[in-house]
Amino acid sequence: MSALRRFEQFMEQMVEGSVARIFGSSIQPVEIARRLEKAMESNQTLSVKRVIVPSIYRVFLNPQDFANFQPVRQQIEQELATYLSELAAERNFTMLDLPRVEITEDPAVPRRSIQVVAEMRDAQADRATMTMMMPGERAAGRSSGAFFLLRATNEPQALPIATTTVTIGRGLDNDIILEDTRVSRKHAQLRYRQRRFWLTDLGSTNGTFVNGERISERALRDGDVVSLGGLELIFREG
């Protein structure tokens with residue numbers, strides 16, 4: 001049985017009798033479930049070995065629609081969170097934390113409309129060292145032909161440099177995300193200027209090194225070995 005069908009069955013049991021009158025012709029919980037599904041699908045972060053999706057979802061309703069949910073809001077929020085957890089498992093998605101759904105009101109939302117904001121909770125600091133690359137959305141675009149070669153996994157992974165400014169770090173808002181506790185959340189930045197790529201340390205805890213020398217800024221050459229707190233990347237420029 002699918003996650004959506006299980007949620008529908010729960011709602012069928014819940015709205016029997018007097019509770020059915022709570023919703024009437026207003027927004028139905030299953031409509032919110034479908035909007036949450038779309039939010040999950042459209043906010044994926046691709047990793048070498050997994051697809052990460054948000055764990056926090058905020059649902060905004062018009063105050064009149066929100067009033068209908070007030071008597072059972074907490075229970076529906078819990079069931080929607082369970083639904084998202086099961087949906088992620090069905091689709092082999094990874095969440096960095098237990099899912100949470102919050103239904104709230106916003107006068108700017110029209111009647112019978114649903115607005116969803118999905119957020120990625122960064123729970124990486126509590127996990128053991130793990131190295132992965134996830135190209136952020138801002139990295140999409142024409143490739144420069146340059147790339148980093150990550151050799152921390154069983155098979156070397158090429159991390160393309162697709163824009164003239166690329167941030168590198170452990171935080172989920174970077175262009176190249178390296179899930180390794182040695183790497184700072186905002187570790188380094190790569191910029192293309194004067195027809196060369198320049199690597200700048202962003203005040204990282206464990207430092208940025210090029211060919212074994214700690215740097216604050218350095219122009220890179222093909223074959224340079226870059227170390228981000230001990231995690232090594234090889235810079236290649238074709």
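Q: Fine. How many bridges join strand 17 to strand 18, and which way do they run?
A: Strand 17 (residues 225-228) and strand 18 are joined by 4 bridges and run antiparallel. Within that pairing, V225 stands opposite I234 of strand 18.

Q: Before going on, what kind of model is this?
A: This is a predicted model, where local features need pLDDT of at least 70, side-chain atom pairs count only at pLDDT 80 or more, and totals for chains, interfaces and linings use all residues. Residues are numbered from 1 along each chain as its sequence is written, and side-chain values use heavy atoms, with hydrogens and water left out.

Q: OK. What happens at G229, in the hairpin of strand 17 and strand 18?
A: That hairpin has 2 residues between the strands, and G229 takes a positive phi near 65° there.

Q: What's on strand 18's other pairing, the one with strand 8?
A: Strand 8 (residues 146-150) is joined to strand 18 (residues 231-237) by 5 bridges, again antiparallel. F148 has F235 as its bridge partner in strand 18, and L150 has L233.

Q: So what's the strand order in the open sheet?
A: The sheet has 6 strands in the order 9-8-18-17-14-15, with antiparallel pairing. Strand 9 (157-160) and strand 15 (213-214) are the edge strands, each pairing on one side only.

Q: And how many helices and strands in the whole chain?
A: The protein chain has 5 helices and 18 strands.

Q: Switching to packing. What share of the residues is buried?
A: Of the 238 residues in the protein chain, 45% are buried. Buried means under 20% relative accessible area, exposed over 50%, and partly exposed in between (1.4 Å probe, protein chains only).

Q: Which residues have the most contacts inside the largest nonpolar core?
A: They are I32, M40, Y57, L61, L80 and I103, in a core of 31 residues. Helix 5 (residues 73-90) gives the most to this core, with 7 residues. A nonpolar core here is a set of buried Ala, Val, Leu, Ile, Met, Phe, Trp, Tyr and Cys residues joined through side-chain atoms within 4.5 Å.

Q: Pick L61. What does it touch beyond four places away in sequence?
A: L61 touches I27, I32, F66, F69, I103, T104, E105, D106, V109, S113 and I114. Contact means heavy atoms within 4.5 Å. Apart from that core lies another, of 22 residues, including A188, L228, L233 and F235.

Q: F235 again! How many aromatic pairs are there?
A: The count comes to 3. The rings of F197 and F235 have their centres 5.9 Å apart and their planes at 65°, so this pair is edge-to-face. F197 lies in strand 13 (residues 196-201) and F235 in strand 18, so the pair ties together parts that are 38 residues apart in sequence. The rule: rings of Phe, Tyr and Trp (its six-membered ring) pair if their centres lie within 6.5 Å, with planes under 30 degrees apart counted as stacked, over 60 as edge-to-face and the rest as tilted.

Q: Are F197 and F235 buried or exposed?
A: Both F197 and F235 are buried. Ring pairs also link F148, Y192, F197 and F235 into a cluster.

Q: What about R193, where does it lie?
A: R193 lies over the face of W198, at 4.7 Å from the ring centre. That needs NZ of Lys or CZ of Arg within 6 Å of the ring centre and within 35 degrees of the ring normal.

How values were computed. Pairing = 2+ DSSP bridges.
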